[in-house]
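Please keep the sequence and the structure in view while reading.

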Amino acid sequence: MPQETNAFFVAISLLLSGDAALMSIVALSLKVSLVAVLVAAVLGFPLGAAVALWRFPGRGVVVVTLNALMGLPPVVAGLCVYLLLSRAGPLGEWGLLFTPAAMVIAQVVLVLPILAALSRQKVEELLGEYREQLVSLGMSRLRMMPTLLWDARFALLTVLLAGFGRASAEVGAVMMVGGNIDGVTRVMTSAIVLETSKGNLPLALGLGMVLLTLVMLINAAAYVIGEMARRRMG
Amino acid sequence: MKSTITLAFAGIMTVGWASQAHSEDYITLASTTSTENSGLFDAIVPLFEQATGIEVRVVAVGTGQAFEIARRGDADSLLVHDTAGEKTFVENGYATERADVMVNDFVLIGPASDPAGIADAQNAAEAFADIAEVEAPFTSRGDDSGTHRAELRLWDEASVTPEGDWYRELGSGMGPTLNTAAAMGAYVMSDRATWVAFENPQHLTLLFEGDDVLFNQYGSLLLSKARYPHLKRDLAEQWHQWLLSDEGQQAIAAFEVEGQPLFFPNAQ
Amino acid sequence: MTSLSMPDAHTIPDIPVFSGPVACLTFEAVSFAHQGKTLFGPCSFTLAGPGPTLVMGPNGAGKSLLLRLAHGLLSPTQGGVSWSSARPRQAMVFQQPVLLRRSALSNLTHALAVNKTPRKARKPLAEKALARFGLAACTDTSARVLSGGEQQRLALARAWVLEPEVLFLDEPTSALDPAAIKAVEAAVHAFQRQGTRVVMTTHDVHQAKRLAGDVLFLAGGHVREHTLADTFFTAPASKAAQAFLAGELIE
């Protein structure tokens with residue numbers, strides 16, 4: 001297949017050219033996904049810890065729901081956020097549709113269940129080890145939340161990466177609420193869809209390689225940081 | 001908890017505002033994939049932006065979805081190709097003004113071997129009937145787009161109800177449909193613009209063109225200010241008028257792909 | 001400041017002379033059942049003497065349950081646990097020390113923060129306690145990479161900074177080497193000297209002889225004897241205790 005061979009050179013020349021349009025697409029991809037993961041973490045980690053700590057009626061339903069929502073199809077998330085942010089929708093007055101903010105919101109919806117469900121699991125594991133000591137120290141459940149989240153930080157770093165992976169890889173949601181507007185809301189994945197639909201498969205594949213390279217670099221950085229800290233902290 | 005939500009919201013707003021900061025003067029244009037994928041907007045929008053300082057943000061979707069976006073008040077302007085649908089849109093009060101902007105045409109694409117022999121057809125209806133007769137594979141957009149609506153009208157004209165294993169409704173845009181047709185060796189109806197700009201034809205080739213019924217009119221619509229008071233009506237009006245102006249019409253005529261003009265301006 | 005890892009640590013001069021713990025602990029017909037099976041009691045006793053109280057008995061006698069019921073980690077199924085005054089400040093040191101995944105210093109400042117010690121006072125108090133327990137060199141070391149003996153000393157230091165009125169120790173030396181055991185026993189003396197009521201479980205008769213003021217002897221989930229240490233070790237009343245001290249295998 002000559003086209004695939006081409007794609008490799010396309011990817012390399014794309015990266016080496018420092019093309020301004022490509023750079024802005026890459027920058028937007030990173031910005032949207034990183035902010036989405038950050039926002040989802042601020043909301044999702046305390047939520048996961050709370051579900052791990054408290055026993056309440058319907059807790060099983062919450063756990064199952066969070067686990068199930070990890071598989072929420074991106075287009076469904078996109079459609080819901082679209083209907084919410086559309087001028088005819090309840091939050092239409094904010095005027096956020098077809099902006100990066102809308103893409104962030106859609107990705108938060110996608111990533112939040114992953115961060116909450118996985119952090120619940122990690123915090124619950126740690127709680128099994130810590131519970132007696134923390135109760136002995138006289139800590140309330142609320143007070144245990146920051147302690148457990150901080151002590152689970154290495155596990156949560158991996159959870160963050162899983163969330164970032166989902167955010168940066170999805171296209172259905174960002175296409176729908178972002179509109180794939182050139183220079184405004186076009187990200188790596190929606191650019192790949194566009195080039196594919198133009199039949200420009202080498203460029204599409206080249207962009208895919210660039211995206212993969214970026215995701216790998218971020219994962220490698222997180223891995224190195226995590227390993228260094230783990231070795232120091234035991 | 002309240003403070004974390006506030007923080008989260010602040011984060012979202014920062015991104016939103018940062019992205020809008022570089023230009024307050026912009027309009028959102030809902031249009032079709034054929035105009036975007038062919039590269040027309042890349043050629044003409046910068047000229048408009050230079051002339052007026054107004055940025056045009058193009059959301060390229062199927063005609064059906066473009067109507068829906070506009071109906072919900074999410075676009076300032078509309079440029080689509082379904083004259084009947086556009087007129088209904090105006091009659092229903094969503095838009096106040098509609099004007100012809102340009103035409104391109106549909107072409108019939110198929111495998112170079114042409115098993116249905118449509119290259120020799122006298123007119124489009126005959127070509128469609130030929131395909132149905134030998135039940136040669138045909139890929140249809142199936143997405144309620146302007147192209148899909150036009151295709152259905154042509155089957156009707158050929159007195160054929162397209163159904164059966166040979167007729168594949170894909171529910172996809174023009175590009176993905178061409179990709180699928182190329183992989184299947186199927187017939188497909190495409191707008192000329194997307195076809196000429198398409199870079200993955202494999203064994204597909206242009207087999208039939210030129211019938212008047214394949215004529216594809218694009219129209220620009222201005223949305224109702226009464227119904228959508230939040231829209232940037234003034235800016236959208238400038239875009240609408242520019243498309244119809246000599247300058248806009250010349251820009252459309254000058255756009256070529258591989259030495260071929262793809263759109264022919266025909267504003268009144 | 002002398003460190004506890006040194007041989008004569010329990011004669012540290014700056015500890016005030018023992019005046020006797022104030023908090024008396026009373027078990028009133030306390031029993032604990034799990035999934036319908038009674039694992040402990042019903043038992044009644046009062047810890048009012050100077051202590052330290054050593055809780056002894058064979059494996060499965062309910063020693064750990066007694067400590068957890070007394071400390072409030074478990075609630076009795078029936079009966080009540082009460083204190084002579086309002087609930088006193090308490091701390092507990094476990095057989096396997098549970099240390100946070102942070103530096104030794106942070107483990108102590110965290111406990112102080114939970115205890116609502118003013119922020120500025122935390123670090124000096126923590127550093128002082130680390131020095132007292134011979135851990136000054138490990139201040140910034142992660143608690144999880146310390147040796148077993150160091151970890152247990154850190155757990156004791158954490159209890160120390162909380163200035164507990166009652167300290168529970170659950171088999172604190174069972175996984176340690178002799179030097180580390182010595183440090184823990186010195187710490188027990190130190191707590192005792194500053195007026196903390198110490199309640200500790202052990203299966204080691206010699207350790208009990210070294211430390212005990214009084215002995216609670218358990219077997220089969222019941223308190224069989226509660227006497228002064230001298231009485232217990234020279235003239236145990238129950239057959240179970242006699243057998244236990246003779247080193248026989250009992251149930």
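## How the chains meet

Which chains have the most contacts between them, among the 2 pairs of chains that touch? In this predicted model, the pair with the most contacts is that of chains A and B. Chain B and chain C, by contrast, are joined by no contact, and their closest C-alpha atoms are 20 Å apart.

## The contact between chains A and B

Chain A contributes 29 residues to this contact, while chain B contributes 30 residues. On the side of chain B that touches chain A, two or more residues come from each of helix 1 (2-21), helix 2 (33-38), strand 2 (55-61) and helix 8 (174-184) of chain B. The most is given by helix 1 of chain B, which supplies 10 residues to that side. Sorted by class, the side of chain B that touches chain A consists of 12 nonpolar, 14 polar and 4 charged residues.

## Two packed helices in chain A

Two packed helices are described by the distance between their axes and by the angle between them. In chain A, the axes of helix 7 (residues 153-169) and helix 10 (residues 201-233) come within 10 Å and cross at roughly 175°. Because angles over 145 degrees count as roughly antiparallel, helix 7 of chain A is roughly antiparallel to helix 10 of chain A.

Among the residues that make this contact are Phe154(A), Leu157(A) and Leu161(A) of helix 7 of chain A, together with Val215(A), Ile218(A) and Arg230(A) of helix 10 of chain A. The residues of the contact between helix 7 and helix 10 of chain A comprise 8 nonpolar, 4 polar and 1 charged.

Technical notes: Residues numbered from 1 in each chain as written. Chains lettered and ligands numbered in written order. Predicted model: local features only at pLDDT ≥ 70, side-chain atom pairs only at ≥ 80, totals over all residues. Contact = placed C-beta atoms within 7 Å. Helix = DSSP H or I, 4+ residues; strand = E, 2+ residues; numbered from the N terminus. Nonpolar A, V, L, I, M, F, W, Y, C, P; charged D, E, K, R; others polar. Axes fitted to C-alpha atoms, helices over the stretch in contact; angles between N-to-C directions. Parallel < 35°, antiparallel > 145°, perpendicular 65-115°, else oblique.
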